[in-house]
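Q: I am new to reading protein models. Can we go through one together, feature by feature?

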2 protein chains.
Amino acid sequence: MHNKFAKRACSIKSSDMRIILTAGERPELISFAGGLPAPELFPIEALKTASEAVLTEEGAASLQYSATEGYLPLRQAIAGRMEAIGIPATLDQLMITSGSQQAIDLTGRLLLDEGDTIICESPTYLAAINAFKTYDANFVEVEMDEDGMIMEILEKRLMENPHAKFIYTIPDFQNPSGRTLSLERRKRMIKLAKQYDMIILEDNPYGAIRFSGTPIPPIKQFDTDGRVIYLSTFSKIFAPGLRLGWICADTVFIEKYIGLKESADMHSDGFAQRLTAKYMEQNDIDAHIETIKEVYKERCAVMIDCIEQFFPKSVSFVKPEGGLFLWVELPESMDARKISLKLLESNVAVIPGAAFFAGNAQTNTLRLNFSNTPEERIKEGMKRMGEVLQRELNEDASTTEPMTL
Amino acid sequence: MHNKFAKRACSIKSSDMRIILTAGERPELISFAGGLPAPELFPIEALKTASEAVLTEEGAASLQYSATEGYLPLRQAIAGRMEAIGIPATLDQLMITSGSQQAIDLTGRLLLDEGDTIICESPTYLAAINAFKTYDANFVEVEMDEDGMIMEILEKRLMENPHAKFIYTIPDFQNPSGRTLSLERRKRMIKLAKQYDMIILEDNPYGAIRFSGTPIPPIKQFDTDGRVIYLSTFSKIFAPGLRLGWICADTVFIEKYIGLKESADMHSDGFAQRLTAKYMEQNDIDAHIETIKEVYKERCAVMIDCIEQFFPKSVSFVKPEGGLFLWVELPESMDARKISLKLLESNVAVIPGAAFFAGNAQTNTLRLNFSNTPEERIKEGMKRMGEVLQRELNEDASTTEPMTL
């Protein structure tokens with residue numbers, strides 16, 4: 001048969017993400033590779049109660065086709081959570097999605113024509129790059145420092161790309177870098193977006209998982225003319241398996257998103273939506289999130305201790321105030337992809353940072369996930385990693401430096 | 001703010017489907033408009049047991065991120081069901097989707113470049129037309145008779161459109177027409193597809209709901225070189241709210257579908273997948289489907305009786321052997337859209353058939369759903385409909401015919 005694939009599909013192949021999503025199935029492997037929450041914290045008993053209640057009280061409705069924009073009480077609960085972080089939203093400014101991955105994909109579908117430009121952080125979220133690529137987008141990268149995207153570089157990029165479609169940013173505990181955009185820069189980003197008539201896509205899956213430092217308002221809090229599209233999800237604060245996220249945006253966007261979602265998958269799982277709403281009705285999800293934060297804070301601290309104890313001193317890292325990830329920079333001469341293969345031989349999985357760059361990759365970087373691994377295994381994995389890094393560094397030194405006898 | 005929408009999004013607006021999906025919320029309305037299964041048949045008690053078992057035995061795994069291609073035991077169960085209808089499929093020829101709507105959408109993403117042509121039935125499934133339109137497809141229609149797509153016309157269209165991407169067909173109890181493609185035509189379609197090197201997209205959500213006549217093998221049973229992509233779903237045999245469908249196709253397609261699904265929504269709800277697999281492990285889903293068929297058979301028979309009893313004799317209809325829909329042709333002079341508005345005044349909802357044509361609409365057609373309404377309400381709704389049609393026909397006659405005194 002003659003090749004019938006669309007252009008966008010020709011380059012599609014199994015991604016690194018699939019390896020990540022299935023790595024957990026090898027029990028001997030200590031994986032810092034995925035972006036998975038701690039499964040032992042999932043509120044399984046509470047979900048049994050919620051499931052029984054949903055099926056008893058509204059079984060048929062939960063199993064029937066339902067509205068594309070999502071289950072009303074769930075959108076009401078989300079509106080309450082948005083209000084609590086300083087984003088008052090009406091119900092017609094909220095749509096439920098099948099995880100925030102679908103929100104990212106639908107945003108590509110909403111805004112991107114072939115060859116359109118996106119301005120994004122360097123590095124940025126791998127699966128967003130992949131989703132936007134299926135809409136034939138170009139990426140213009142903005143370098144970051146410890147306070148997130150650098151505004152002088154953003155302004156330069158905006159001047160150079162006046163027809164860019166939107167700025168894509170993950171402001172809180174960014175995936176992969178763990179960095180947080182400072183308050184001052186958020187205000188500056190909004191100003192620049194207005195000045196250059198740009199949409200901001202604020203992807204915020206981790207904001208609720210702040211375990212140290214002072215909370216910073218979301219960018220959308222400073223949005224006075226509906227140019228910020230805000231995405232979030234239940235994946236990190238509740239259960240990713242249920243695939244529930246949301247979009248909060250001006251109704252002019254939401255109306256279009258609903259039309260696009262309708263042809264994408266009609267609606268998200270109605271039983272999962274009612275289960276989540278019922279869980280929040282019967283339980284204090286904020287208390288649950290506090291537990292998550294305590295555990296992740298401790299795991300992050302253990303991982304940092306291990307870096308300081310086991311890693312060569314020439315390795316640097318970003319200390320996150322929340323989220324799931326720690327970003328490591330190896331000495332410039334080291335190739336993180338090569339290291340990650342050596343680590344697999346020691347049954348430790350990490351993702352080379354290069355995967356997270358839309359353009360110019362920093363090949364000496366690694367992303368480490370701390371949320372999914374208990375402390376003792378973090379220690380063991382980091383110790384093994386330290387040994388591999390020390391060995392590599394010694395070999396590196398012995399081959400690249402002149403012998404001095 | 002300047003318009004930033006992608007071309008494909010500019011024409012998007014709330015569709016007739018949304019009206020359908022939310023019509024059920026007005027209790028005084030008798031709706032024949034949707035494509036909803038009978039909610040009173042959902043196996044709610046069995047799902048309580050299954051839910052308790054999934055959360056007890058594999059709670060964490062069901063709530064965690066999981067593989068894009070879907071939960072292995074669910075794919076195994078589907079492979080068994082495919083085998084039973086004469087389609088042996090290996091596990092890597094199966095991918096779970098978020099309803100078969102997502103399978104349709106991903107097929108557009110996989111195969112369609114801007115301006116590509118699809119050969120489809122006239123009429124065809126509304127939400128497939130909408131999904132393919134977001135990929136800027138053109139439609140070439142093939143007229144149908146009581147045995148489905150007419151092969152002589154299909155061959156003519158294939159000759160005229162040698163670069164068409166695929167033939168889209170719903171062979172069993174088609175939505176909206178209720179027609180079934182004959183065995184002889186299925187074999188002929190495969191031959192034509194080979195001759196013109198065409199893919200066939202066989203969309204088969206209703207095949208398991210045959211309540212009279214003799215089963216006809218799916219087109220894919222005659223597929224010798226992997227050119228048939230077969231779609232089906234749990235929506236009509238189990239519960240649409242859970243949004244679970246599947247694609248069965250050659251691995252060369254499935255590998256690409258997995259990559260595309262990964263960026264669309266990562267994976268379908270893992271809890272719903274395990275719930276469905278557990279239900280099938282604990283219960284005989286075929287016995288459940290028998291119950292559905294008995295109820296739909298009776299509802300369809302009642303609807304046909306009512307047409308014969310209450311409708312003008314100039315109205316014709318297609319008698320389906322299964323599925324959810326009955327297709328009505330009014331006298332050519334009548335406008336079904338106008339009739340559907342009059343019907344709403346009598347609290348009866350139907351969909352004008354024109355919505356189901358990708359090109360040349362037959363404006364005197366209506367689609368009636370019989371699965372979602374109990375018999376007494378079918379009788380009441382059809383009686384009201386008969387009155388409206390009789391009245392319209394009389395008015396029509398009195399205004400268009402010369403007075404004879």
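**From one residue to the interface**

A: This is a predicted model. Start with A:Val328. Leaving aside residues up to four places away in sequence, A:Val328 touches A:Ile307, A:Val315, A:Ser316, A:Phe317, A:Asn364, A:Thr365, A:Leu366 and A:Leu368.

Q: Where is the place of A:Val328 in chain A?

A: A:Val328 lies in strand β11, residues 325-329.

Q: Does A:Val328 count as buried or exposed, and why?

A: Buried means under 20% relative accessible area. A:Val328 has 0% relative accessibility, so A:Val328 counts as buried.

Q: Now the two chains. How do I read the area buried between chain B and chain A?

A: Interface size is often given as the accessible area lost when the parts come together. Here the area buried between chain B and chain A is about 7,300 Å². Carbon and sulfur atoms give 59% of that area. On the chain B side, B:Lys4, B:Leu63 and B:Tyr65 lose the most area to chain A, together 11% of what that side buries.

Q: How many residues are in contact?

A: 86 residues of chain B contact 86 residues of chain A.

Q: How many salt bridges are there between chain B and chain A?

A: The count is four. In a salt bridge, the side chains of A:Lys48 and B:Glu52 meet at 3.7 Å, N to O.

Q: Which helix gives the largest share of the side of chain B that touches chain A?

A: That is α3(B), with 11 residues. By class, this side of chain B has 40 nonpolar, 27 polar and 19 charged residues.

Technical notes: Residues numbered from 1 in each chain as written. Chains lettered and ligands numbered in written order. Predicted model: local features only at pLDDT ≥ 70, side-chain atom pairs only at ≥ 80, totals over all residues. Heavy atoms only, no water. Contact = heavy atoms within 4.5 Å. Buried area = accessible area lost by both parts, 1.4 Å probe. Helix = DSSP H or I, 4+ residues; strand = E, 2+ residues; numbered from the N terminus. Nonpolar A, V, L, I, M, F, W, Y, C, P; charged D, E, K, R; others polar. Buried < 20%, exposed > 50% of the residue type's maximum accessible area, 1.4 Å probe, protein only.
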